[in-house]
Amino acid sequence: MTLSRSKDSEESAPADLLVGGIATGIGSWPGTDPREAAATIIGELPDLAHLVELPQRGIGADMIGRVSALLVDLRFDSTTRGYRLAARPGSVSRRARDLLQFDLDAIEEAWETAGLVGTGRVVKLQSAGPLTLAAEVELPGGHRILTDPGAVRDLSESLAEGLARHADELRKRLGAQVVIQLDEPQLTTVLEGSLQGPSILNTIRALPEPDAVRVLDTVIEAQNAPVLLHTCASRPALATIGRTAAAGISFDAATITTPDLDPLGDIVDRGKKIALGLTPAEPPAAPITWREIAEPAVRLVDRLGFPRTTLATQILVTPACGLAGASLEWSRRALALSAEVARAFAEEPESLNVE
């Protein structure tokens with residue numbers, strides 16, 4: 001595997017494709033039909049559509065198993081606990097590759113039907129990040145990859161190369177610009193050292209922050225596309241995420257507490273984009289309006305001391321989490337509401353009122 005980027009590729013790297021005042025999705029979607037899902041996402045998210053993930057299809061379609069289709073010289077097999085590295089390609093890796101090809105064919109078809117091929121529009125793809133993979137996937141002996149620094153290095157390098165190839169294929173198929181989202185739901189757990197090994201007596205030490213940043217940047221810096229680093233943790237490790245080379249960060253706005261304000265303010269001050277999870281991932285008990293959804297973002301920008309125009313220049317709007325567990329009806333409604341909020345941020349950020 002080679003992770004070096006040529007001078008030509010660096011010079012031809014796209015400008016910052018992550019822009020504020022737009023809406024996008026986290027990635028996952030209900031159902032099992034990739035063609036219907038792709039057409040819906042392209043229709044509902046005109047500014048930043050994404051390659052849809054359909055985990056309800058089972059093994060090889062979930063966030064972790066899907067990565068087996070991306071890795072170079074590595075592959076997964078399934079166990080009663082999840083996934084582990086396999087010595088040779090098996091049914092799991094073949095299924096993951098087949099499902100990913102179905103998804104690529106579906107978005108290419110929908111992209112062409114919408115008349116978007118070759119227009120240079122932006123599309124986002126998602127992948128589990130290296131630390132979450134190292135935390136979730138086992139070595140052949142049953143221990144987590146995270147327990148073996150050499151295996152973590154091999155995994156991150158394999159993912160870096162495979163993800164770059166995946167982005168290139170999507171770019172060529174659609175004639176589109178590409179943004180990459182790395183999903184790291186286990187980042188906080190990895191940093192805290194609260195993961196368990198094969199038995200209750202076997203604990204896994206915390207990964208020092210500099211090591212975590214180095215692993216993440218191995219993948220991020222190998223891409224010829226802006227990278228959005230997403231976490232759905234209840235306590236997002238914003239300070240760590242902000243120290244990576246990612247162009248933007250993504251998290252559920254409801255998780256932010258007072259101690260998070262300083263690192264978040266530093267991230268905004270350095271010009272990184274923030275994809276805020278504002279729209280509920282499941283239907284609320286009472287009807288909700290776009291103004292109610294927008295309010296936490298307006299309050300947050302005010303608390304951080306930035307002008308309201310920051311909503312237009314640096315804030316993207318997303319659902320709070322992936323939508324695979326929601327109904328199709330609410331999922332469509334959630335994207336429509338997110339788009340309404342983003343439009344308000346882009347067009348009239350200074351006139352938004354909160355009580």
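I count a residue as buried under 20% relative accessible area, as exposed over 50% and as partly exposed in between, with a 1.4 Å probe and protein chains only. The model is predicted, so I took local features at pLDDT of at least 70 and side-chain atom pairs at pLDDT 80 or more, while totals for chains, interfaces and linings use all residues. Residues are numbered from 1 along each chain as its sequence is written, and side-chain values use heavy atoms, without hydrogens and water.

Entry 1, strand β4.
I took helices (H or I, at least four residues) and strands (E, at least two) as DSSP runs, numbered from the N terminus. Is β4 buried or exposed? Seven of the seven residues of β4 (residues 122-128) are buried, so the rest of the structure largely encloses this strand. In a regular strand the side chains alternate between the two faces of the sheet. Here I found Val122, Lys124, Gln126 and Ala128 pointing one way, and Val123, Leu125 and Ser127 pointing the other way, all of them buried.

Entry 2, partners of β4.
I call two strands paired if DSSP finds at least two bridges between them. Strand β1 (residues 49-50) runs parallel to β4 and is joined to β4 by two bridges; histidine 50 has lysine 124 as its bridge partner. Strand β5 (residues 177-183) also pairs with β4 in the parallel sense, over seven bridges. Across that pairing, alanine 128 stands opposite aspartate 183 of β5.

Axes are lines fitted to C-alpha atoms, for helices over the stretch in contact, and angles run from 0 to 180 degrees between N-to-C directions. The axes of α2 (residues 34-44) and α12 (residues 328-347) come within 10 Å and cross at roughly 25°. That makes the two helices roughly parallel (angles under 35 degrees; over 145 is roughly antiparallel, 65 to 115 roughly perpendicular, the rest oblique). With contact taken as heavy atoms within 4.5 Å, α2 contributes Glu36, Thr40, Ile41 and Glu44, and α12 contributes Leu328, Arg332, Leu335, Ala336 and Ala339.

At what angle do α2 and α3 pack? I noted about 45°, with the axes 8 Å apart, α3 being residues 91-113. The two helices are therefore oblique to each other. Pro34, Arg35, Ala38, Ala39 and Ile42 of α2 meet Phe102, Asp103, Ala106, Ile107, Glu109, Ala110 and Trp111 of α3.
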